[in-house]
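User: I have a structure open here and would like to go through a few spots in it with you.
Analyst: Gladly, go ahead and show it.

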Amino acid sequence: MSSGWRPALRMARREIRRAPGRSLFTWLMIFVPVTAICAIQVVIASNSISDTEWLDLKLGSAQAVLTQTGSAFEPSYSNPGQTLSDNADSEDGSGNAANTAKPVPGWGASVEQQRDATAALLNRTVVALTLSTLVRADSGSSIDLLGVDFSDLRAAGFVHDLRGQVPRDATQALVSPAGLAAGLPSSGTVTLTRSDGSAATVSIVGTAQAHFDGPVQLITVGEARPDRVLFYVFGGPPLGWDEAVRLAGYGFTVTSRELNAHPPAGWSPGNSEQMQLFFGTLVTAAALLEVALVVGPAFAIGAAHQRRSLALAATNGATTGHLRRAAVGQAILLGISAAILGTAAGSGVGALAYPMLSSDPSQIHGPLEFPLLQLGLVLGLGTLTAIASALVTSRGLGRLDLVSSLRGSVRPAPPRRGAPIVGGLMAGAGLAGVWLAIRLPDAVYPWVWIASALAVLVGSILAVPWLLRLASRFSGRSPISVRMALRDTARQHGRATSTVAAVLAGSLILAAVWTIYTSGNANSARRYHPSLPPGQAILQFSDQTTAASWDAARNAALGVEPRLRVSVLSALDSAPDVPDGSTTRGFTAVRAGCTVEQTAEPGGPVSDCTSLGGGGYGDGILSGSVEDLVAAFGLDTGQRQALAAGTLLAVTDPPPDITATGVSADQWARTDIVDGHVRFVTTADQPEVYTVPAQALPASALERGAVRFRYGAIISTDAATKLSWRSYFSWLQLADPAGPISPELEAQLNTALAPWMENPDAWWAGIEVERGFEPTEQPVLIAVTAALILLLLVAAVTATVLSTNELRPYLATFAAVGASPGLSRRLSAVQGVLLAGIGCILGVAIGSFVAGPLAAVSTAETSSNSPLPPIIAFPWLLIAALVVATPAVAGLTAALCTPSRTTLAKRS
């Protein structure tokens with residue numbers, strides 16, 4: 001054992017104690033990146049809700065849940081474990097009445113009867129939960145109310161963390177953390193308004209949390225008139241695809257654990273599932289690769305300083321095996337301890353950070369999760385790369401030039417001549433592969449893309465020594481510090497290559513991920529359609545708002561800024577739910593050359609006869625008082641007189657060309673005015689044809705107060721009332737003649753309207769200003785970006801510090817012959833800028849290029865009536881920051897870490 005690992009580890013411990021500063025620096029270069037990456041892995045894993053976690057949230061201890069849509073349908077499968085209806089728009093019961101569902105035997109009007117009928121149909125135990133969306137009277141905010149039969153233990157299992165008393169009936173309720181965050185009181189009473197307009201007052205008797213797949217604010221006893229009933233299935237055989245198809249005939253959608261475990265034959269994960277898995281793998285691979293590339297240069301500092309001591313040992317009879325074990329011993333101690341402690345510290349940091357990141361109770365978050373596979377890979381790779389770096393260093397110890405090592409003038413072996421050729425071939429094949437991969441099936445192409453991208457990365461790294469030598473050859477007219485830095489970097493090609501590789505990999509990953517993210521935002525932006533003219537604001541209310549309430553809101557807004565144009569506008573309902581005996585009627589305009597039957601024909605927005613009220617884009621009609629319409633749309637005297645006479649002002653201009661947003665000309669509703677009238681037909685069992693006097697309105701006039709994408713005509717409220725046209729929502733519209741409403745003015749309006757918005761007529765609190773498309777914030781992506789930028793800076797600085805240490809004897813010689821004291825700092829700064837600059841430029845160029853195929857696949861729109869070409873958008877701000885700021889910070893940090901005056905040493 002005396003010639004084995006024990007003396008090597010003792011030597012390593014002594015070397016660490018002898019140079020604690022250098023050893024600590026090397027240890028930190030392993031510990032810090034491992035800690036950062038492990039923390040990010042914990043946050044990402046916890047923030048992602050897996051299929052199993054989602055099913056646990058939705059189903060609790062049940063095996064399946066059923067929802068009645070009201071229509072029979074041909075089910076399609078959606079992951080995880082769900083059947084979807086092409087006829088049902090949602091789970092709230094809206095569907096296509098043309099596909100009548102088979103009646104469920106024993107189906108009644110009450111929730112209990114429906115539960116028992118469903119249980120009999122399934123021959124299983126069924127528990128019913130109810131869900132309703134109500135409006136809070138004092139603030140106008142929406143409240144989700146979950147109804148639970150607390151006498152049933154299975155149903156009560158959906159409620160946990162209960163504090164207080166159990167509700168006795170529907171007049172009592174428990175408030176959840178989401179409800180408290182929404183402003184509900186922890187005690188007292190709350191007045192709510194149902195969707196049918198009836199009022200409900202509930203008393204808060206405690207707090208609780210609901211085991212549910214969405215946030216609910218209140219929990220009460222099952223309601224008699226819920227918006228939705230959820231039938232949870234317990235016991236019995238698993239509910240699979242065949243039975244789900246049978247239940248679709250009765251109008252039931254199904255979510256089942258069995259369906260998730262055994263989806264129907266022929267189903268494969270869709271693009272979204274594949275992309276989610278792909279991006280998770282990409283982030284993990286990026287983190288592991290960056291650890292490997294950063295740890296190698298970090299440990300090389302210690303290995304370089306060991307050359308002289310190893311040479312002394314060799315002169316005293318140490319064998320090659322002794323030397324190799326001595327070189328690896330320090331890597332074992334530093335690498336293992338730094339990787340283990342870094343993994344533990346990173347896991348702890350992630351565990352502490354995630355509760356703060358998931359503290360919003362209005363959102364559903366996954367449980368804290370430690371991804372053992374990813375953490376184990378980081379731990380193993382952090383340890384192995386340190387040891388591998390030492391092994392690579394010790395590989396040449398058998399051929400160690402003792403004299404050169406003792407003199408401190410060891411030169412690295414020349415690079416292999418064929419490496420640039422192999423690198424160029426690999427990079428070319430990889431670049432072709434990333435674009436050819438998108439032609440492969442969805443289940444395959446992400447992984448082919450990763451392999452091709454790695455080939456590009458490896459090929460680029462192999463070509464780095466050639467690029468460094470090329471730069472050195474063309475530096476003849478550069479300042480002396482630049483020439484020295486370039487030539488030394490070319491000479492120390494191994495260290496420089498690993499440094500450039502670390503920077504290149506980090507910037508490549510960042511450029512690729514952000515290119516895909518930016519392209520997705522650009523695609524969403526081009527598909528975005530505003531609800532108001534840019535810079536205008538809206539404050540929405542219920543239909544029961546009185547004229548006095550409107551006037552109060554108007555006066556409050558004008559009190560903040562008198563120049564505002566404030567109008568009360570309403571959208572007319574072209575297809576209202578008309579009860580028997582109602583005077584309200586729906587309407588659809590008939591275009592010239594179209595019959596009433598063609599107009600009523602179901603054809604969607606691509607029908608040649610689509611007009612006002614017919615379901616196309618721009619088919620809506622706005623109403624308001626004559627004064628408000630004149631103010632909102634800037635109408636002239638003639639148009640004002642026409643409105644006052646009951647005339648419909650309709651846009652007859654050709655539809656705008658917005659095919660770039662996915663809307664083609666044949667999807668637009670068009671209005672034809674014939675002999676000063678527009679012909680309408682009622683949407684009823686007995687269609688009634690009638691005419692309305694009409695006048696053409698220029699599209700430019702309509703767009704002063706509305707978006708043509710939604711509306712195509714305006715009419716006075718009095719005229720709409722005479723035509724029995726009903727509005728389905730109204731709002732207060734605010735416009736500033738001086739330009740878009742500023743954020744400061746928006747805040748002032750909200751403050752001024754806050755007391756008035758306690759009025760029970762208010763639909764919700766706060767105004768909305770149209771400011772165009774705004775991308776969703778991505779805090780996890782920001783955190784990953786910051787961590788990778790930190791790592792690539794660490795890699796560049798580590799390499800320059802190592803280079804300066806190796807050049808210290810030469811710098812001392814220069815100082816002895818009169819070189820300026822700042823030469824060493826300038827040399828370090830230039831090397832930091834050079835290595836970081838080459839790595840960043842190559843990384844962002846390659847990363848942007850290889851991300852192009854994925855951006856093209858994710859943004860191409862082929863299923864709509866107006867297909868859209870793929871869009872590739874580059875994150876220019878990030879690219880500029882990486883290419884400019886990263887080399888500058890690396891050079892500055894390297895200069896600060898290098899002493900300006902070098903200690904003179906005798907050179908033999």
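User: Where is the place of Asn 123?
Analyst: This is a predicted model, and in it Asn 123 is in the loop between helix H4, residues 111–122, and strand E4, residues 125–136.

User: And what is its phi like?
Analyst: Asn 123 has a positive phi of about 60°, although Asn 123 is not a glycine.

User: Buried or exposed, that Asn 123?
Analyst: Asn 123 counts as exposed, because its relative accessibility is 70%, and the cut-off for exposed is over 50%.

User: OK, what about Ser 724, where is that one?
Analyst: Ser 724 is in the loop between helix H24, which covers 717–722, and strand E21, which covers 726–735. Ser 724 also has a positive phi, of about 65°, although it is not a glycine, and with a relative accessible area of 22% it is partly exposed.

User: Changing topic, which residues of H1 are buried?
Analyst: The buried residues of H1 are Pro 7, Ala 8, Ala 12 and Glu 15. Looking down the axis of H1, these buried residues fall within an arc of 145°, so they line one face of the helix.

User: Then which exposed residues are on the face turned away from the buried side of H1?
Analyst: That face of H1 carries the exposed residues Arg 14 and Arg 17.

User: Last one, how far apart are the end C-alpha atoms of H1?
Analyst: They are 20 Å apart, which agrees with the span of 20 Å that the 14 residues of helix H1, residues 5–18, should have at 1.5 Å a residue.

Note on methods: Residues are numbered from 1 along each chain as its sequence is written. This is a predicted model: local features need pLDDT of at least 70, side-chain atom pairs count only at pLDDT 80 or more; totals for chains, interfaces and linings use all residues. Side-chain values use heavy atoms; hydrogens and water are left out. Helices (H or I, at least four residues) and strands (E, at least two) are DSSP runs, numbered from the N terminus. Buried means under 20% relative accessible area, exposed over 50%, partly exposed in between (1.4 Å probe, protein chains only). The expected span of a helix is 1.5 Å times one less than its number of residues. The arc is that of the directions from the helix axis to the C-beta atoms.
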